[in-house]
Amino acid sequence: MTDITFSAWLRDTLQGHGELPRDLLNTLEYTARACQEISANLARGALAGVLGQAGSDNVQGEAQKKLDVIANDILLQTHANGSYLASMASEEMDDPWPVENSIGRYLLVFDPLDGSSNIDINAPVGTIFSVLTLPEGASPDSHDAFLQAGSCQAAAGYALYGASTQLVLTLGFGVYVFTLDPRSQHFILTQSKLTIPTDTSEFAINMSNQRFWEPAVQRYIDELLAGREGPRERDFNMRWVAAMVADVHRILCRGGVFLYPLDSKTAAKGGKLRLLYEANPMGWLVQQAGGLVSTGRENILSIEPTGLHQRVPVILGAKHEVERLERYHREMN
Ligand code: F6P
């Protein structure tokens, strides 16, 4: 069987779903190119002198790593001359970055390097992105243009820089995985229509926050930890890579439930993870694979954003586990 490259898949396979607007196609093609370049920088790591701190803070007051800044610049510069994109926004920038002289109608919002605390230990990191449409009459340099519910996304995806580099994408008809062939430097289609099983025995959460969680999550995790002897009557396993990209990728590939719930440390900010460039794109991918995505109280994809860098609690993955967590939130909070 001949390999299907990402470009060929975009152009040919998609014809069955109506012709993809050229601007959207270009946005995705160039985003894939940027991810290839980020992957190359990560692969050279210490050899390229790109590890360590940048010596600056981002808009959220978090210390930036050199690679956060490099990845952000690669995405901006790759799209800088494209007339297909109206504007970009990123975790690493306070304000949107309109593309000069562009007549494009798409917006790209991204976390250039998710899980960046993993960079210096050579563990998985990723790039998360979401494509929105510029609303009629909106200015590409306004925050408002980007404040759209996750259900409005035109495309969502991520690149995972792990043992291999993979690009995972949805356009609203399933989730597709492309693996970067280091020899040809093409992303090749390797998995189609990922499905998350409705039940699971695997969960992902930062257990060190246990004492800060709300009662509903305390109860849920206590029950999982009680295992065979507890109310769930079976043992559960825990995994935590500490890069959302990698933890969600595992769930898309073999199932599970992921939680970064509300806790008393982050409650004042609304949660830990960012709505527009973490929760929404990952949430749509999970939903497209048959899973659910929730704050515990509502579907994340229906939240009307109020800020570019807004944060939310995130619970996603196996349908029956997310439903159970929503029930515990109703009963206990
Ligand atoms: O962007 C935030 C992030 O790095 C996510 O990728 C990850 O899930 C989470 O933070 C890790 O948080 P913690 O440091 O609490 O393990």
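1. In this predicted model, helix α2, spanning residues 22-44, packs against helix α3, spanning residues 66-79, with the two axes 9 Å apart and at an angle of about 150°. Angles over 145 degrees count as roughly antiparallel, and α2 is therefore roughly antiparallel to α3. The crossing of this pair, α2 and α3, is right-handed.

2. A further packed pair is formed by helix α4 (residues 215-226) and helix α7 (residues 319-332), whose axes lie 8 Å apart at an angle of about 135°. The helices α4 and α7 are therefore oblique to each other. The crossing of α4 and α7 is right-handed.

3. Turning to the ligand, its surroundings consist of Asp114, Gly115, Asn206, Trp240, Ala242, Ala243, Met244, Tyr260, Lys272, Leu273, Arg274 and Glu278. By residue class, this shell comprises six nonpolar, two polar and four charged residues.

4. For Tyr260, a polar side-chain atom is 2.5 Å from an oxygen atom of the ligand. In the case of Glu278, an N or O atom of the side chain lies 2.7 Å from a ligand oxygen atom. For Trp240, the separation between a side-chain N or O atom and an oxygen atom of the ligand is 3.0 Å.

5. On its own, the ligand has 400 Å² of accessible area, of which the protein covers 81%.

Technical notes:
Residues are numbered from 1 along each chain as its sequence is written. This is a predicted model: local features need pLDDT of at least 70, side-chain atom pairs count only at pLDDT 80 or more; totals for chains, interfaces and linings use all residues. Side-chain values use heavy atoms; hydrogens and water are left out. A residue is near a molecule or strand if one of its heavy atoms lies within 4 Å of it. A polar contact is a pair of N or O atoms within 3.5 Å; within protein, one must be able to donate a hydrogen and the other to accept it, and residues adjacent in sequence count only if both atoms are side-chain atoms. Accessible areas come from the Shrake-Rupley method with a 1.4 Å probe; for residues, only the protein chains shown count as cover. Ala, Val, Leu, Ile, Met, Phe, Trp, Tyr, Cys and Pro count as nonpolar, Asp, Glu, Lys and Arg as charged, and the others, Gly among them, as polar. Axes are lines fitted to C-alpha atoms, for helices over the stretch in contact, and angles run from 0 to 180 degrees between N-to-C directions. Helices (H or I, at least four residues) and strands (E, at least two) are DSSP runs, numbered from the N terminus. Angles under 35 degrees count as roughly parallel, over 145 as roughly antiparallel, 65 to 115 as roughly perpendicular and the rest as oblique. A crossing is left-handed if the near helix is turned anticlockwise from the far one by less than a right angle, and right-handed if clockwise.
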